[in-house]
Amino acid sequence: MTSPQNEKYSVFQQILLFLAAYSSSFVGNIQLLAAIVNFKAYVGVIDGVSAQKQPKASKPKTTMKTAARKSVVSQLEAACLLALEWAKTQGNVQLIKDFTINDSSFKGKINAMLILANYTYGVLNTNKVAIIAATSVTAAQLTSIGTEITLLQTIQKAPAAARTSQKTITAMYKPAFVNATAGKETLINLIKGAYTIGPNANLQLVTDLENALVFSGNVHHTILKAIFYIVGTTNGIEGATLTITELFRVGTSNILGVAQIAEFKPGTYHVTFVAPGYVPQTQIITVAAGEKMNLTVEMVAV
């Protein structure tokens with residue numbers, strides 16, 4: 001997965017945890033339950049693609065490739081030294097040219113080296129009957145050269161084949177994420193539509209959904225804290241609520257009058273302060289990423 005896909009997938013997993021936690025609240029909501037089934041299936045497709053991914057293809061060990069390359073070159077060079085002298089006796093200019101090689105002939109990139117190695121081996125193999133009869137080159141020696149060239153080719157091709165396979169699998173993520181994202185949006189609409197207002201209203205459920213939609217990797221422990229006091233005193237108010245309206249995030253004050261909301265997206269929001277028996281207040285507050293904002297709220301009795 002790409003980095004953005006990893007972030008989206010993390011949010012999908014957070015949504016699944018949220019759905020599991022509130023499963024009992026969704027009983028009887030046929031439309032939502034169907035959407036949940038679809039969403040789980042979409043995430044399952046992503047998991048299926050991930051299961052096909054192999055660990056990142058590692059390059060063949062340098063020592064292994066180096067050893068195979070060295071073996072090919074040394075064996076070809078030895079055989080060609082003998083074949084060259086035979087070619088001279090035949091007066092064959094092309095064969096003399098083909099067998100005039102040394103270690104430096106195989107310097108450079110591996111693919112160019114393999115082309116020359118295959119060509120030279122092919123010339124040796126084509127003339128092997130005459131060469132074996134007239135020199136100390138053996139059939140086993142030629143077979144060994146062919147085997148070493150095949151090994152080197154296998155080592156060289158393996159990473160490219162693995163990368164091609166991985167690219168094909170990676171491309172499968174795109175439609176899987178498109179479907180899962182659409183499924184997520186459907187869930188958001190159905191849950192907010194059913195549980196924000198009306199007989200099934202559940203502010204905590206909606207708040208927890210909002211939390212689940214925030215990628216935890218982007219959270220910088222942004223905190224908004226409020227201390228509720230009775231105006232003109234240092235007496236804290238227990239049970240007062242601090243609410244970030246746009247995020248449906250709510251914090252309830254403790255016995256000391258302290259309420260807080262942590263780990264939310266930075267931004268500018270309407271924030272309400274409400275306590276039973278006191279005049280509610282609303283402020284527009286901007287909180288920066290990672291900021292820990294402390295507010296003192298003095299409440300006036302109704």
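Good morning. The crossing of helices H1 and H8 is right-handed, a term used when the near helix is turned clockwise from the far one by less than a right angle. Helices here are DSSP runs of H or I with at least four residues, numbered from the N terminus.

This is a predicted model, in which local features need pLDDT of at least 70, side-chain atom pairs count only at pLDDT 80 or more, and totals for chains, interfaces and linings use all residues. Residues are numbered from 1 along each chain as its sequence is written, and side-chain values use heavy atoms, without hydrogens and water.

The axes of H1 and H8 come within 8 Å and cross at roughly 160°. Axes are lines fitted to C-alpha atoms over the stretch in contact, with angles from 0 to 180 degrees between N-to-C directions. The two helices are therefore roughly antiparallel, the word for angles over 145 degrees.

Which residues make the contact (heavy atoms within 4.5 Å)? H1 contributes Val11, Gln14, Ile15 and Phe18, while H8 contributes Leu205, Asp208, Leu209, Asn211 and Ala212.

I turn now to the cores. A nonpolar core is a set of buried Ala, Val, Leu, Ile, Met, Phe, Trp, Tyr and Cys residues joined through side-chain atoms within 4.5 Å; buried means under 20% relative accessible area, with a 1.4 Å probe and protein chains only. The largest has 30 residues, and Phe18, Leu19, Phe26 and Ile191 have the most contacts inside it. H7 gives the most to this core, with 10 residues. A second, separate core of 28 residues includes Ala87, Phe106, Val123 and Ile155.

Note on methods:
Buried means under 20% relative accessible area, exposed over 50%, partly exposed in between (1.4 Å probe, protein chains only). Angles under 35 degrees count as roughly parallel, over 145 as roughly antiparallel, 65 to 115 as roughly perpendicular and the rest as oblique. Contact means heavy atoms within 4.5 Å.
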